[in-house]
Amino acid sequence: MSTLEIRDLHVSVETKEGPKPILRGVDLTIGSGEIHAIMGPNGSGKSTLAYSLAGHPKYEVTSGTVTLDGEDVLAMTVDERARAGLFLAMQYPVEVPGVSVSNFLRTAKTAIDGEPPALRTWVKDVKSAMANLRMDSTFAERSVNEGFSGGEKKRHEILQLELLKPRFAVLDETDSGLDVDALRIVSEGVNRAHEATDLGVLLITHYTRILRYIKPDFVHVFVDGRVAEEGGPELAERLENEGYDRFLPAGTVA
Ligand SMILES: Nc1ncnc2c1ncn2[C@@H]1O[C@H](COP(=O)(O)OP(=O)(O)OP(=O)(O)O)[C@@H](O)[C@H]1O
Ligand SMILES: [Mg+2]
């Protein structure tokens with residue numbers, strides 16, 4: 001049983017005009033095997049939270065703590081965080097021309113485990129993970145994300161999740177731009193990882209439709225850089241019906 005604990009996290013982003021405070025005291029605790037959904041209006045800081053957890057250099061933590069089983073995550077480099085078991089699926093995955101999916105996955109697996117995967121089982125694992133995600137085998141030889149459609153990029157994120165076996169995954173709008181079949185396939189991938197490894201999940205989303213497939217234990221409403229309300233799955237339904245009006249100061253446009 002592992003715990004990822006975020007306490008009173010304040011983060012500023014680097015801009016041309018100087019640092020701009022975005023996160024204003026985030027408190028969140030995620031245990032192994034728990035699924036937490038974060039919903040909230042555009043610009044409320046959800047992706048900023050994801051990037052801060054991953055250690056993106058543009059985001060400066062000005063106060064607060066993030067610990068994984070008591071270990072200081074904020075003191076870790078980006079790759080130490082990955083080795084500690086943190087995984088981030090980005091809202092806008094980057095293209096890596098010249099690096100094939102197959103090479104990328106093997107390099108990442110080697111870096112995370114500290115040794116190369118056993119070749120025979122690895123090739124089999126990659127093949128079956130790709131088949132499960134209905135990814136054509138030709139993807140293995142294509143450059144990472146180059147020319148991938150939006151949905152293909154998201155499947156590739158989940159392929160990494162299934163093969164790298166992190167302890168905690170932050171999925172930033174993994175459902176955006178997916179057709180109905182892809183949404184189900186990607187959700188099944190997340191559920192497989194969750195069941196196989198007791199993965200803890202932080203699922204950032206705007207829509208309850210993904211929550212029909214991936215059942216959250218907790219739903220958090222993110223507004224203006226912090227968690228404004230917490231509840232169970234019923235809170236997601238309420239947000240879809242009512243929007244975020246009641247959380248916003250009168251007169252603001254979300
Ligand atoms: N590099 C940057 N320069 C200026 N402002 C930034 C930068 N990065 C983030 N911000 C601002 O921080 C705020 C939070 O952005 P963030 O991407 O975290 O929101 P979000 O909740 O993920 O929104 P969405 O639902 O649209 O994905 C926004 O107002 C955004 O414009
Ligand atoms: Mg975002």
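Predicted model: local features only at pLDDT ≥ 70, side-chain atom pairs only at ≥ 80, totals over all residues.
User: Where does T174 lie, and is T174 buried or exposed?

Analyst: T174 is found in the loop between strand 9 (168-172) and helix 6 (180-197). A residue is called buried when its relative accessible area is under 20%, and T174, at 2%, therefore counts as buried.

User: How should I read the magnesium site, and which atoms coordinate the ion?

Analyst: Donors are N, O and S atoms within 2.8 Å of the metal, and water is not among the atoms, so a site may look incomplete. Here the magnesium ion (ligand 2) is coordinated by S47 through OG and by Q91 through OE1, at 2.0 to 2.3 Å. Because S47 belongs to helix 1 while Q91 sits in the loop between strand 6 and strand 7 (96-100), the pair ties together parts that are 44 residues apart in sequence. S47 is buried, at 18% relative accessibility, and Q91 is buried as well, at 15%.

User: Which residues lie nearest the centre of the largest pocket, and which element gives the largest share of its lining?

Analyst: The largest pocket, with a volume of about 890 Å³, has 35 lining residues, and V78, A82, L88, F104 and Q160 lie nearest its centre. Elements giving two or more residues to this lining include helix 3 (101-113) and helix 5 (150-164), while helix 2 provides the largest share, six residues. By class, the lining comprises 23 nonpolar, six polar and six charged residues.

Key:
Residues numbered from 1 in each chain as written. Chains lettered and ligands numbered in written order. Heavy atoms only, no water. 1 Å grid on protein atoms, 1.4 Å probe; cavity = no way out; pocket = protein on both sides within 12 Å on 5 of 7 lines; lining within 4 Å. Points joined across faces, edges and corners; volume = space filled by probe spheres on them. Helix = DSSP H or I, 4+ residues; strand = E, 2+ residues; numbered from the N terminus. Nonpolar A, V, L, I, M, F, W, Y, C, P; charged D, E, K, R; others polar. Donors = N, O, S within 2.8 Å, 3.2 Å for Na, K, Ca; no water. Buried < 20%, exposed > 50% of the residue type's maximum accessible area, 1.4 Å probe, protein only.
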